[in-house]
Amino acid sequence: MIELREVGKRYGDVAAVGGVSLQVEPASITVLVGASGSGKSTLLRLINRLIELDSGQILLDGADIRDGPAEQLRRRIGYVIQSTGLFPHWSVARNIATVPRLLGWPAAEIDGRVDELLELLGLDPAQFRGRYPHQLSGGQQQRVGVARALAARPSVLLMDEPFAALDPLTRQTLQRELLRIQQALQTTVVLVTHDVDEALLLGRQIVLLDQGRVVQAGTPRQLLLEPASERVSSFFGAGALEMRQLEFRSVAEIMQTGEAADGPALRPEDSLQQALTAFLSSRSERLPVADHAGRSLGVVRFVDLLDPPR
């Protein structure tokens, strides 16, 4: 677990981060969002001591991150940035092996880890381990950057706008890859993004920052359906808010009992977004709801989907 207690960082008279308290659960993805200058990247860099905090305390697994050398801490924490930061004159294999070499791993173990990570990230080791960064596409470079960050098996992975410079298709692919890898490795991820859709897709916890302070922290559902203020609602986009809410509300919330309907059956746990797709495909005004055994539970009306109760 990562725990931030009243963390502060100032640059002259300006508080880049002002009294932030936050818990990041292990084996989860926490996403930091906010406008430019809100303190997202500063907060991320405080966690691995790329910059030092002025006040407060940051605990990693119960220990203060300042208890030992900063270099030792950083070798326990993976770090991925937008530009990948790959060494241009080093091969893919050598780039990935950077931290294991610093830690003195045996050569055979390093080679095995390089191949393991390349395979995990969808890059054929025989084809890619000897290439150089300029021989890779942007998406491939970013995959290698993630592999390098994971090489020494860190429990924590920090990611600062990792997919911002990629085209939309590559970005979506790597977002799905990150979810798959995080679930497989159970790594604790803290990710900075300015993209609301990316935050909603990836985050188990989303933290909205403004002027170095936490406006609201919670699950995607909580921020969409229970915004703490008008600022939270406006950040997530008034025009698209209703559609986003459909992803986090269930059929059970608007189901009516005692009625019957024909058409493809919905499950009570299906999202309203899934229900909308079924309505559009079937062109029905009402659809049945059934359990996994096929037993009828009720009906959902299209009109209620358009204006679901709060």
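User: Which element gives the largest share of the lining of the second largest cavity?
Analyst: This is a predicted model, where local features need pLDDT of at least 70, side-chain atom pairs count only at pLDDT 80 or more, and totals for chains, interfaces and linings use all residues. Residues are numbered from 1 along each chain as its sequence is written, and side-chain values use heavy atoms, with hydrogens and water left out. A cavity is a set of points on a 1 Å grid over the protein atoms alone where a 1.4 Å probe fits but cannot get out, and lining residues have an atom within 4 Å of a point. Helices are DSSP runs (H or I, at least four residues), as are strands (E, at least two), numbered from the N terminus; the largest share here, three residues, comes from H8.

User: What is the volume of the second largest cavity?
Analyst: Its lining includes Val 146, Leu 178 and Thr 187. A volume is the space filled by probe spheres set on the points, with grid points joined across faces, edges and corners. For this cavity the volume is about 40 Å³.

User: How many residues of the largest cavity's lining come from H8?
Analyst: Leu 121 and Phe 163 are among the lining residues. Helix H7 (138–150) and helix H8 (168–185) each supply at least two. The largest share comes from H8: four residues.

User: Which residue in E12 stands opposite Arg 286?
Analyst: Strands E11 (residues 286–290) and E12 (residues 296–301) pair in the antiparallel sense over five bridges. Pairing needs at least two DSSP bridges between the strands. Opposite Arg 286 stands Arg 301.

Notes: Buried < 20%, exposed > 50% of the residue type's maximum accessible area, 1.4 Å probe, protein only. 1 Å grid on protein atoms, 1.4 Å probe; cavity = no way out; pocket = protein on both sides within 12 Å on 5 of 7 lines; lining within 4 Å.
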